[in-house]
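Open the model in your viewer and keep the selection panel at hand.

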Amino acid sequence: MEEKLKVLSLFSGIGAFEKALANIGVEYDLVNYCEFDKYASKAYSLIHNVSESLNLGDITKVDENNLSECDLITYGFPCQSFSVQGKKLGFKDKEKGGLFFETMRVASKLKPK
């Protein structure tokens, strides 16, 4: 029996990446999800039938040393800083543009497959 993929979801929203995995038949176990918005977190937990206690909350406050191992990290950090409809500040936007580096901080510690 093949082991399920262990997934950590960052900037989870309502879990589009996880839904895509399910749609293509990839079996996985959710290690944690990370969603700042309380309404999106509630929707995520209901859509994916998981406890909101799996939500890590604000990624800037996540201690990467306390996370479980994972095989895959999904993420879709806020794009407003990069969008033509946004301020176009890119990584210089400290509020949202720099959140990409939070993902890299977590990934460099966990080193998923």
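Which strands does helix α3 lie across? Select residues 100–110: helix α3 lies across β1 and β3, and runs at about 175° to β3. Helices (H or I, at least four residues) and strands (E, at least two) are DSSP runs, numbered from the N terminus. Angles run from 0 to 180 degrees between N-to-C directions, with axes fitted to C-alpha atoms, for helices over the stretch in contact.

This is a predicted model: local features need pLDDT of at least 70, side-chain atom pairs need 80 or more, and totals for chains, interfaces and linings use all residues. Residues are numbered from 1 along each chain as its sequence is written, and side-chain values use heavy atoms, without hydrogens and water.

Next, the sheet. It is open, with 3 strands in the order β2-β1-β3 and parallel pairing. Pairing takes at least two DSSP bridges between two strands. β2 (28–34) and β3 (72–75) each have a single partner strand, so one side of each has no neighbour in the sheet. Neighbouring strands are turned by 25° against each other on average, direction ignored.

Select β1, residues 5–10: 4 bridges join this strand to β3. Ser9 has Thr74 of β3 as its bridge partner. Now take residues 38–48, helix α2, which packs on the sheet and touches β1 and β2 (contact: heavy atoms within 4.5 Å). The direction of α2 makes about 170° with that of β2.

Last stop: the largest pocket. Its lining has 15 residues; show Phe11, Phe36, Ile59, Pro78 and Leu99, which lie nearest its centre. A pocket is an open set of points on a 1 Å grid over the protein atoms alone, where a 1.4 Å probe fits, with protein on both sides within 12 Å along at least five of seven lines; lining residues have an atom within 4 Å of a point.
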